[in-house]
Amino acid sequence: MNLNFFPNYPFIEDIIAIILILIVSYVLTRVFSYLINKLCVKINLEKTLEYLTKDLVKYLIYIVALILILEIIGVNVSGIFISLGIIGVVIGFAAKDIISNFMSGIFLLADKTVKVGEFIDVGNVKGQVEKLGFRTTTLITSDNLVVTIPNSVLSKNPYTNHTFLDETRVDLEIIIPYEIDLDEFKTSSLKAISRLEWVLKDIPPKIFMEEMNESGIELKISAWFNEYSKMEEYRMNLANVVRNQINLAKEKNM
């Protein structure tokens with residue numbers, strides 16, 4: 001049976017075959033992405049591994065599609081693989097940044113120092129990790145900006161992970177007048193801060209004296225909590241409690 005529909009225009013069949021390969025590749029990436037999402041939810045796999053798995057499957061599908069397209073247009077794929085030993089050095093120099101980012105992504109996954117959902121500081125950028133891929137890491141900043149950082153930047157530069165540990169500390173520096181009794185203020189403030197719902201019960205809040213100056217006594221108040229994303233909200237809560245305690249102490253001395 002002759003399936004050659006365009007005997008006088010064989011290149012048309014090649015174009016159709018290439019289009020079909022591209023369509024099938026796109027459909028396969030969508031299907032596998034959907035299946036991986038379902039599987040990760042079922043086995044409770046962390047988002048970092050989910051994104052990296054989807055990237056790996058996507059690249060594998062693209063590589064297979066590229067090989068099929070090259071064969072259709074008459075490129076000797078076997079010869080290309082043999083020639084890789086000769087041109088590998090050239091490709092390596094040309095794609096060194098891509099390779100560096102790819103390897104850095106693998107090391108980040110292995111080290112588990114950065115995960116999706118965590119808050120990190122990289123240089124002058126601070127945000128929540130939205131996606132960790134093989135080449136780049138995507139952050140969402142507090143003002144809702146999307147920042148894409150090459151993985152090689154994370155591997156070559158120091159970065160701060162604010163949520164790697166479950167507990168986070170919020171600090172508040174204040175100055176109280178000299179006429180306020182320091183011991184009474186400290187006792188009453190610690191009791192009031194401990195009653196806040198978000199303050200961890202197993203790590204009691206603390207008040208430290210920093211220094212004494214013309215304005216009064218400088219104190220640092222520290223409390224521990226779990227949700228880093230609410231840092232500023234909890235700092236405001238802490239400030240309100242301390243302000244009330246200062247007012248009560250002043251009223252007592254009147």
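**Sheet, helix and rings**

Modeller: Ile207 has Ile221 in E8 as its bridge partner. This is a predicted model, in which local features need pLDDT of at least 70 and side-chain atom pairs count only at pLDDT 80 or more, while totals for chains, interfaces and linings use all residues. Residues are numbered from 1 along each chain as its sequence is written, and side-chain values use heavy atoms, with hydrogens and water left out. Strands (E, at least two residues) and helices (H or I, at least four) are DSSP runs, numbered from the N terminus.

E7 and E8 are joined by six bridges in the antiparallel sense; two strands pair if DSSP finds at least two bridges between them. Strands of a sheet pair through backbone hydrogen bonds, either parallel or antiparallel. Here three strands make an open sheet in the order E6-E8-E7, with antiparallel pairing. Strand E6 (168-176) and E7 are the edge strands, each pairing on one side only. On average, neighbouring strands of this sheet are turned by 25° against each other, direction ignored.

H7 lies across E6 and E8 and runs at about 35° to E6. Axes are lines fitted to C-alpha atoms, for helices over the stretch in contact, and angles run from 0 to 180 degrees between N-to-C directions. Gln245 is part of helix H7 (residues 231-253). Gln245 is buried (under 20% relative accessible area; exposed is over 50%, partly exposed in between; 1.4 Å probe, protein chains only), because its relative accessible area is 11%. Beyond its neighbours within four places in sequence, Gln245 touches Phe185, Ser188, Ser189 and Ala192, where contact means heavy atoms within 4.5 Å.

Next, the rings. A pair of aromatic rings is described by the distance of the centres and the angle of the planes. Rings of Phe, Tyr and Trp (its six-membered ring) pair if their centres lie within 6.5 Å; planes under 30 degrees apart count as stacked, over 60 as edge-to-face and the rest as tilted. The count by this rule is four aromatic pairs. Among them, Trp198 and Phe225 are edge-to-face, at 5.9 Å centre to centre with 90° between the planes. Trp198 sits in the loop between helix H6 (182-194) and strand E7 (206-212) and Phe225 in strand E8 (residues 217-225), so this pair ties together parts 27 residues apart in sequence. Phe225 is buried at a relative accessible area of 0%. Phe225 also pairs edge-to-face with Tyr234, at 5.1 Å centre to centre and 85° between the planes. Tyr234 is buried at 7%, and Trp198 is buried at 11%. Trp198, Phe225 and Tyr234 together form one aromatic cluster.
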